[in-house]
Amino acid sequence: MVTVYYEGNERLKEGFREFFREVGRPRFITAYSRSEAIRDFSKALGQNPKARILLLIDSEGPDTRTAFQETQLPQGLSGSVLWMVQVMEAWFLADVSAVKDYYGRGFHDKAVRGNPNVEEIPKNDVLARLKRATKGTGKGEYNKVEHAVAILRKIDPEKVRNAARNCDRIFKRMRRAAVLDSK
């Protein structure tokens, strides 16, 4: 079985399962902080080096070698890291119609439209756009804990993969791990 450690709220597990449904049924394990996720991932991989264990984390910045190298990963583990560039919420901007459908009346889709390469949008801009777009909705401003799971379930993975090359890499890497696991 493929195991994916991630940083974030426990509830995101449900959204990730749905979003990544086409790559099988990876087991998602929550860590509440980046350092905890890295620690738990490293420990699990150290205890079972042949296991299919991956780490899913935000890059927190642009897709550059420097940003990735600055992550405190033990030597040799970087090939098992799945980078959400720059932040998971960038994926939402790749499927604005699904996000609009989730929020309904009062959603301002013009606030989230812009660069079609969603991974180039800085993290703070992504979050600010989501807040502006959702401010007047019945669900209120975007809140990761309250809204992200439902949005992950709604957005189209294919649209996201087309707009976010690192998301496409994540799918490919998870699929390879699942295929290797089944042998």
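User: What makes the place of Ser80 a loop between helix H3 and strand E4?

Analyst: Helices are DSSP runs of H or I with at least four residues, strands are E runs of at least two, and both are numbered from the N terminus. Helix H3 covers 65-69 and strand E4 covers 81-84, with Ser80 in the loop between them. This is a predicted model, where local features need pLDDT of at least 70, side-chain atom pairs count only at pLDDT 80 or more, and totals for chains, interfaces and linings use all residues. Residues are numbered from 1 along each chain as its sequence is written, and side-chain values use heavy atoms, leaving out hydrogens and water.

User: Why is Ser80 called buried?

Analyst: Buried means under 20% relative accessible area (1.4 Å probe, protein chains only), over 50% is exposed, and partly exposed lies in between. Ser80 has a relative accessible area of 14%, so Ser80 is buried.

User: Which residues is Ser80 in contact with, leaving aside neighbours within four places in sequence?

Analyst: Contact means heavy atoms within 4.5 Å. The partners of Ser80 are Phe41, Leu45, Ile53, Leu54, Leu55 and Arg173.

User: What makes a group of residues a nonpolar core?

Analyst: Such a core is a set of buried Ala, Val, Leu, Ile, Met, Phe, Trp, Tyr and Cys residues joined through side-chain atoms within 4.5 Å. Here the largest one has 47 residues, and Phe16, Phe20, Met88, Trp91, Phe92 and Ile155 have the most contacts inside it. A second, separate core of 13 residues includes Ala37, Leu45, Leu55 and Ile57.

User: How much of the chain is buried?

Analyst: Buried residues make up 50% of the 183 residues.
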